[in-house]
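Thank you for making the time this morning.

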Amino acid sequence: MAEKKIIDNFGRPHTYLRISLTDRCNLRCFYCMPEEGIELTEKENVMTLEEIISLTRTFRDLGVDTVRLTGGEPLVRKNFGYLVEELAKLGVTLKLTTNGIVLDKYLELFDKIGLRKINLSLDTLDKAKSVFITKRDYYDRIMQNLEKALELNMQIKLNVVLIKGVNDNEINDFIALTRNKNLAVKFIEFMPFKGNKWDWSKGVSQDEILKTIESKFGEIQTLKNPAHSTSQNFKVKDHEGSFGIVSTITKPFCDDCNRIRVTADGKMKNCLFANSETDLLTPMRAGQALDNIIVNAIKTKKYSRDGMDVKMDADHYEQNRSMISIGG
Ligand code: SAM
Ligand code: SF4
């Protein structure tokens, strides 16, 4: 019998799983968390740590080799240290996306278990602006933790969501950080989710970003993108670090998508923009095997942006969850 793999109807093998550990967060970034807040998942409907470990094992046995932990803020999940140590034993490459507020608490553990690829969200290098964007005052802590992570040679990508009139004037300040630091900056085009008041006139496109950088730094070198990369990657000549652009809106990169998501309440999403979800938690709690459910669920995946091939459609994305409860 052929080995079961997670392959969609377009022949794309899915080997990269993003798990949201919680829909709670210690920040309130305005582009992620709706102003009115979200209805938090009741505790009994959130996957337990043992359920997350078991689910990850199932996905691994179906060919998943990379797992990114995200949220909400993954590091606020109780007993996160235990969870990450157990997941490391499963032999998958572990990655993390975090806002960095409590990163220092876990750096030693990450060093020990070999979790080195960390995306740290940092939209501004200006403290007052950070308070405006996140509605909380943690900028100094985040910057200190960034330095600590770099000292331990963690592979850091700074996630920067660009919004016109907010932080688009800092593009070149972020690029300047890559001059003598071995880090990557990942500029992300502003994306629409339920309740985030998306309007592309506030977004900054890949072309605009490249033009801004070129006007200050001159020659930009195009780097070879790793397989399944969600960003186009570049580097300013002679800079130690690099930068990438996630151009979901202006240049979608769905052709060789290999990503699946599971929300904190155990729903599988085939795409960040998917409105339909497959419940994995209920059958898991009923003792059912999940492999056929997962393998069948991926067959409903659309080719690109859950069918929003040409444009982002409010009737569609307002039916999705808010980003904070999907897990970016
Ligand atoms: N709390 C963690 C953090 O902020 O890194 C992990 C979860 S957060 C939802 C994951 C990533 O999604 C962050 O880098 C965040 O900036 C990004 N994000 C959130 N809302 C977004 C939006 N509307 N458009 C583009 N990126 C977004
Ligand atoms: Fe929290 Fe991350 Fe969303 Fe900001 S982007 S509100 S840190 S989940």
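Let me begin with a contact to the backbone: a polar backbone atom of M191 lies 2.9 Å from a nitrogen atom of ligand 1. Please keep in mind throughout that this is a predicted model. Taken on its own, ligand 1 has 540 Å² of accessible area, and the protein covers 96% of that.

Which elements give two or more residues to the shell around ligand 1? They are β3, at 93-98, β5, at 155-162, and β6, at 184-189. In total 20 residues surround the ligand, with Y31, G72, S121, N159 and M191 as the closest, and by class this shell divides into 8 nonpolar, 10 polar and 2 charged residues.

Two of those closest residues, Y31 and M191, come up again when we look at N196, a residue in the loop between β6 and α7, the latter spanning 206-217. Is N196 buried or exposed? Its relative accessible area is 3%, and because the cut-off for buried is under 20%, N196 counts as buried. The side chain of N196 reaches the backbone oxygen of Y31 at 3.0 Å, and, leaving aside residues up to four places away in sequence, N196 touches Y31, F190 and M191.

There is also a second ligand to consider. Around ligand 2 we find C25, L27, C29, C32, G72 and N99, a shell with 4 nonpolar residues, 2 polar residues and no charged ones.

Finally, the chain as a whole. The protein chain has 11 helices and 12 strands, and its radius of gyration is 19 Å, close to the 20 Å that the globule rule gives for 328 residues, so the chain is as compact as a globular protein of that length. Of these 328 residues, 54% count as buried, and among contacts with a separation of 6 or more, 74% come from residues 24 or more positions apart. The accessible surface comes to about 14,800 Å², with 48% of it belonging to carbon and sulfur atoms.

Notes: Residues are numbered from 1 along each chain as its sequence is written. Chains are lettered from A and ligands numbered from 1 in the order in which they are written. This is a predicted model: local features need pLDDT of at least 70, side-chain atom pairs count only at pLDDT 80 or more; totals for chains, interfaces and linings use all residues. Side-chain values use heavy atoms; hydrogens and water are left out. A residue is near a molecule or strand if one of its heavy atoms lies within 4 Å of it. A polar contact is a pair of N or O atoms within 3.5 Å; within protein, one must be able to donate a hydrogen and the other to accept it, and residues adjacent in sequence count only if both atoms are side-chain atoms. Accessible areas come from the Shrake-Rupley method with a 1.4 Å probe; for residues, only the protein chains shown count as cover. Helices (H or I, at least four residues) and strands (E, at least two) are DSSP runs, numbered from the N terminus. Ala, Val, Leu, Ile, Met, Phe, Trp, Tyr, Cys and Pro count as nonpolar, Asp, Glu, Lys and Arg as charged, and the others, Gly among them, as polar. Buried means under 20% relative accessible area, exposed over 50%, partly exposed in between (1.4 Å probe, protein chains only). Contact means heavy atoms within 4.5 Å. The radius of gyration is taken over C-alpha atoms; the globule rule is 2.2 Å times the number of residues to the power 0.38.
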